[in-house]
Amino acid sequence: MAALVTPVAMSRSVERSQRPRRMRLSTQRRLTGLVLSIPALALVVAFVVIPIVQAVYYSMTQWNGVTSTWIGPSAYTQTFHNPAFWQVLTNNGLLLLAVPFALAIPLGIAVLLHERVRGWKFFRSVYFLPTAISWVVIGMVAERFFAYDGPLDKIIGSHTDFLGSSSTALLALAITFVWSMIGTNTVIFLTGLATLDTTVQEAAFVDGATAWQSFSNVTLPHLKRFVQLAFIMTVISAFSALFSLIFVMTGGGPGYSTTTMEFFVYQTGFSQSEFGTAALYGIVLFVMMAVVGIVQLKLIRSE
Amino acid sequence: MAEITFDRVTKVYPDGTSAVSELSLDIADGEFVVLVGPSGCGKTTALRMVAGLEEISRGELRIGGRVANHMLPRGRDIAMVFQNYALYPQKSVYNNMAFALKIRNVPKDEIDRRVREAARILGLTQYLERKPKALSGGQRQRVAMGRAIVREPQAFLMDEPLSNLDAKLRVDMRAEIARIQRMLGATTIYVTHDQVEAMTMGDRVAVMRGGILQQVDAPERLYEQPANLFVASFIGSPAMNLVEASLEAESGRLHCRFGDSSLAVSDICRQARPEIEAYAGRRVVVGFRSEDITDATSAPEAGADRRLKAVIEVREALGSEILAHFSLGEERAGLALAGDVIEEQDGGASSPRSRRFVARLGPRAPVREGERAELVVDTDRLHFFDPESGLALGRSRT
């Protein structure tokens, strides 16, 4: 037996030493992963990283689209002394006040639809409709609705040009924004409700809960993730998707009363040809969004 | 604690499906009643009507003497343990148990006392701060029990609370629930499809089928005196052997003949069931339990009119006993086993029943698969049923 085993073992050890050294499986996998991610990485660098770096650079220049003059970080301090900039920032802040409404109203609608009230299928389509309509069309409809002696004036019996008055234009814009978010957020909450285990609600009722106690103790905690998602999407929309609405409804006016940072970037760049300053506003908008995103991520991770 | 009364309670769904028909059942204060039956028999619907989670179409439900038909769940003072436990996923074990007390504005220290006491009884003290997802199935089941216990309600409702547990845990929790129920003396309605749970836990067992109550009795009586074919076949594992036979009178004795086999009805059995005399010359369904069959070697004195010539088809040795599945020779195909009758009545809804008989023999019975064996039936303990109505004939000997 020993005479048989020894030559085999020997030949194996010879084979092993002669065989070219193979990479370990984990190394191979890591390398493959790197190679496969190169195309995506290249695209991100080309279309995201480089433009961001460029924007940071141009934000510290005076650039009319053809020639640029380096100003340096003082460009930022100059901007902070511009009252229009602060009004635009305030507008963004005020629009954020619309976010709770853009969440609470769809939540209420979703709960009612989930209860299968009479005609719920019809209403589900009705509420989702704004989502399927382009922002431009929504803006045009809203412009008519809020116009002097328009439908709203007829309803409340006044003669107000809601979009022409700096005291009401932003409110009209916010209402339109809330209305346009109802569909998306209702669908998000309906999806959340569909995943709710109804026996848990029943358990709450048997435990003695009222409808409100069941909602606040069972339904709402269950919807937490969905509310977070809707919140992020709504805030992002408020900061970066209102361009078409503003463009169609008010053009940012009267004065700067409905100009948001996003619209300000466009105005500064393409109306006033101050691309350097526009890039700076773009950076400010980016930082604002980043702060919202990071806070949100922290909140989610903290659980 | 309170008594619960179903008075001709009926549940018809909007699509016309009748889930429960004319259910009348009195559950005494402190009693443990098990509702048992196959899937779709209406047992869970009946329970949910007591909880107030299902509207009652007709009839009256009384809890503690008060009509409860239109009472909201929270007005009924009843606790329920759900099949999937239905724990509040975002709340800790402590808050799951405390929730019902908090919304009733029970003082904090009283809540704390009750929750900790329930946790102690259920062995959950070290898990109070955990969320349900961090618990095992058995622990979640205990939390669901705890949530019911702390309420000190008028009655407990349990909807198949053990069906999601593994076999061993189920046996443990079965005893645990029975112990807690006795300790608290709470009126309990327990729904299950498992007849072992039904037999071991309940003071009384209500067997349901197709929304209709078949029989309510103490477990032993249900086993010994099934009211009809369905109860006879549903209660007991292995199920009662049932076969369609002709009852023939011969020189003063009654014989039931099926295929080539014949069993003489003993005098004791005839005295206990005088109704069968009227069936002489007619067809009946005869039933005998697997434990009322022995192998002929251990009963050499038994007469030929108690013996069956069997072919052993499957032999299951369980250590303490042998389950012998047998047929009666060549004639097997010609026999209408009563399992078929029940299936016909169910419209094929119930599980297909074995076309074989089963005998529960001693651990050293000399039976081997594929071989012939002579088996002896205890003819004092035969059951008879009307083949048309399925109703039991007379009262079997207890």
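Visitor: What makes the largest nonpolar core a core, and which of its residues touch the most other members?

Guide: A nonpolar core is a set of buried Ala, Val, Leu, Ile, Met, Phe, Trp, Tyr and Cys residues joined through C-beta atoms within 7 Å, where buried requires 20 or more other C-beta atoms within 10 Å of a residue's own, exposed 12 or fewer, and partly exposed a count in between, with C-beta atoms placed from the backbone. The largest such set has 123 residues, and B:Leu35, B:Leu157 and B:Ile189 touch the most other members. Helix α2 of chain B, residues 93-102, gives this core its largest share, 7 residues; helices (H or I, at least four residues) and strands (E, at least two) are DSSP runs, numbered from the N terminus. This is a predicted model, in which local features need pLDDT of at least 70 and side-chain atom pairs count only at pLDDT 80 or more, while totals for chains, interfaces and linings use all residues. Residues are numbered from 1 along each chain as its sequence is written, and chains are lettered from A and ligands numbered from 1 in the order in which they are written.

Visitor: Which residues is B:Ile189 in contact with, leaving aside its neighbours within four places in sequence?

Guide: Contact asks that two C-beta atoms, placed from the backbone, lie within 7 Å, and on that basis B:Ile189 has partners including B:Ile4, B:Val33, B:Leu35 and B:Leu157.

Visitor: Why is B:Arg360 called partly exposed?

Guide: B:Arg360 has 18 C-beta neighbours inside 10 Å, and therefore counts as partly exposed. This residue is found in strand β18 of chain B, residues 357-361, and, not counting residues up to four places away in sequence, touches B:Ser290, B:Glu291, B:Glu321 and B:Leu323.

Visitor: What makes β18 of chain B an edge strand?

Guide: Two strands pair if DSSP finds at least two bridges between them, and the open sheet of 5 strands in chain B, with antiparallel pairing, has the order β15-β19-β16-β17-β18. In this sheet β15 (293-295) and β18 of chain B each pair on one side only, and these are the edge strands.
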